[in-house]
Amino acid sequence: MANLTEFFTQLNTDAKLLDAYKKDPEATMKAHGLSDKEIKAVLSGDAKVVSSLVGDAEMKAFLLIVNPSE
């Protein structure tokens, strides 16, 4: 099971994963073993909640893609 930090890192380096995420973020995160809590946090776009899950309070390492279809 991937953790959220690992998933974000892979999302940044894997074009196929990013394409899948753009088409269906929830299914892509589930397929990579993220918990329902992690998925809900990412889909909410709430940076404070996501940062608490990844341990990066300032979100320096991540760009949150809330609605990739827009």
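## A tucked-away threonine

Let's start with threonine 28: its relative accessibility is 7%, so this residue counts as buried. Keep in mind that the model here is a predicted one. Threonine 28 sits in helix H3, which covers residues 25-31.

## Where H1 meets H2

Now for the other two helices. Helix H1 takes in residues 4-13 and helix H2 residues 15-23; their axes come within 6 Å and cross at roughly 105°. Angles of 65 to 115 degrees count as roughly perpendicular, and H1 and H2 are therefore roughly perpendicular to each other.

On the H1 side, the residues that meet H2 are Phe7, Gln10, Leu11 and Thr13, and their partners in H2 are Ala15, Leu17, Leu18 and Tyr21. Sorted by class, this contact has 6 nonpolar residues, 2 polar ones and no charged ones.

## A cluster of rings

The count of aromatic pairs comes to 2. In one of them, the ring centres of phenylalanine 7 and phenylalanine 8 are 6.4 Å apart with the planes at 50°, so this pair is tilted. Phenylalanine 7 counts as buried at 0% relative accessibility, and phenylalanine 8 is buried too, with a relative accessible area of 10%.

Phenylalanine 7 also forms a tilted aromatic pair with tyrosine 21, at 6.1 Å centre to centre and 55° between the planes. That pair links distant parts of the chain, since phenylalanine 7 is in helix H1 and tyrosine 21 is in helix H2, 14 residues apart. Put together, ring pairs link Phe7, Phe8 and Tyr21 into a cluster.

Technical notes
Residues numbered from 1 in each chain as written. Predicted model: local features only at pLDDT ≥ 70, side-chain atom pairs only at ≥ 80, totals over all residues. Heavy atoms only, no water. Axes fitted to C-alpha atoms, helices over the stretch in contact; angles between N-to-C directions. Helix = DSSP H or I, 4+ residues; strand = E, 2+ residues; numbered from the N terminus. Parallel < 35°, antiparallel > 145°, perpendicular 65-115°, else oblique. Contact = heavy atoms within 4.5 Å. Nonpolar A, V, L, I, M, F, W, Y, C, P; charged D, E, K, R; others polar. Buried < 20%, exposed > 50% of the residue type's maximum accessible area, 1.4 Å probe, protein only. Phe/Tyr/Trp six-rings, centres within 6.5 Å; stacked < 30°, edge-to-face > 60°.
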